[in-house]
Amino acid sequence: MRPDPAIAALAETELTAGDLRLEPLQPDHAEPLFDGLADPVLYRFIPQEPPSDAAALRARFKRLAARRSPAGDQAWLNWAIRLPDGSYAGLVEATVGGSGAADIAYFVFCRCQGRGIGRRAVGAVVEALAAEPAVTAIGASIDTCNVTSIALVEALGFERTGTIRDADHFKGRSSDEYRYQLPLRRRGAGMPPMTQDLMPGFTPFDVETAPGIRIHGVRAGDGPPVLLLHGHPQTHVTWCEVAPRLVAAGHSVVAADLRGYGDSARPEGGENHVAYSKREMAADQVAVMRALGHDRFAVVGHDRGGRVAHRMALDHPDAVRRIAVLDIAPTATMYARTDRQFATRYFWWFFLIQPAPLPERLIEADPEFYLRHHLAGQSRTPGLPREDLVQEYLRCYRQPGAVHAICEDYRAAATIDLEHDAADADRRIEAPLLALWGAKGVVGELYDVLATWREKATDVRGRALPCGHALQEERPEETAEALIGFLREDPLTSP
């Protein structure tokens, strides 16, 4: 069986991983890669020897540049890792069999190790493979003593599926290997099992909102449409206890993952982080609603989702019938009034906007620790967030490119979003606006929330709930009741 031609096409595609470029391997890469690949330290855990000279390496690369094995039963995908300064840091390799099963391997030169390069480069290749329908599985075999590579694949979400005893015998010893497999979630193929458990009765969807941009979410119900947008570090499942109540109240409910979050696309940020401007993120969600048959709708946004909803109400007033924002003050207001107390309690606003890859590398060193610390700081309700929600957020946080996308969201908020806000300083949201916030949270303690929104909208109402930042998780019944009451003021009776 021969691999699908689409896989061979992927072998000719240049990939990016933040500031790294992954160039399809060519014979001309032999000279700049030789010194790094000649280091015997790289071969401690594999039955392979360093290249004898650049000519031998060139001959090998020429064979690999065919992109397929001589028998045609394997696709050979190889990328050279290029740094921003033009030098090279190593290789990422993928061998794909006729069934579509891919095996991953990589080299990072000794001088470049300890900088997160391997994780980012391998993550980019894994993400590209996972997006290709012809790829049916992604795995890796790793020497049981190779703790660095074990940590790398586990950080990318690979799961250990077994141990191969005496897999190889080289360098005077027998080698055991762990076998790893990456659970694949196909676009349009449904929800991961945990998500199905968290959102029973909801139907998954994936909508292409722009070339290469797909937004994932779930929907259920009939009636006036409501779009629910999550914040950081959550995904659409944060609404798991609110969304069913809205459906029961007679609404068509759509809960979507923002661009860069959950199972939605994670594009590169581009110049001035424009791809993660709230303007682009809002346009995604308007396109989703139109694709689902809703030209006008109410939007409810928590945290980052509230900032997307704010921009949506300004850019798409004909689409937004009503808007609710949960536990935020306007972005420009919060930056303009920043003081020591706010900067201390919302430190991530200033940490995540630092130039790449500083925050990415620090978070990716232990994403679970960072995520749990952040979630614990948001909640003021013992025992929350629920562990099943934490596990789902962690699954998404560990996906290749996820942390970088989240940082780009915050970088956009501190740059291009403020430019857009300044340009619209004299405009007001015309749709009725409901503001809800946690009385025990930072926003409720530091701001007169209603006053901040009356500076931005013409028709504002709202109140505090007895909780912290995550109203929809800490007080789902009261949050739903407030939203249902607000939405009932709308004369709309059909989608």
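**Notes on the predicted model**

1. G157 follows α5, and its phi is positive, near 100 degrees. Helices here are DSSP runs of H or I with at least four residues, strands are runs of E with at least two, and both are numbered from the N terminus.

2. A word on the basis. This is a predicted model: local features need pLDDT of at least 70, side-chain atom pairs count only at pLDDT 80 or more, and totals for chains, interfaces and linings use all residues. Residues are numbered from 1 along each chain as its sequence is written, and side-chain values use heavy atoms, with hydrogens and water left out.

3. Back to α5, residues 147-155. Which of its residues are buried? They are S149, I150, L152, V153 and A155. Buried means under 20% relative accessible area, exposed means over 50%, and partly exposed lies in between (1.4 Å probe, protein chains only). An α-helix has 3.6 residues a turn, so residues three or four places apart point the same way.

4. Now the whole protein. It has 21 helices and 16 strands. Its radius of gyration is 25 Å, close to the 23 Å that the globule rule gives for 495 residues, so the protein is as compact as a globular protein of that length. The radius is taken over C-alpha atoms, and the rule is 2.2 Å times the number of residues to the power 0.38. The C-alpha trace spans about 75 × 45 × 40 Å along its principal axes. Of the 495 residues, 55% count as buried.

5. Next, contacts, meaning heavy atoms within 4.5 Å. Take those in the protein with a separation of 6 or more: residues 24 or more positions apart account for 70% of them.

6. A356 gives a local view. This residue sits in the loop between α12 (348-351) and α13 (358-364). Is A356 buried or partly exposed? Its relative accessibility is 42%, so it counts as partly exposed. Leaving aside neighbours within four places in sequence, A356 is in contact with H404 and R411. A356 and D19 are 337 residues apart in sequence, yet 7.8 Å apart in space, C-alpha to C-alpha.

7. Finally, the cysteines. The structure holds 0 disulfides (pairs of cysteine sulfur atoms within 2.5 Å). C407 is in none; the nearest cysteine sulfur, in C396, is 16 Å away. C407 has 0% relative accessibility, so it counts as buried.
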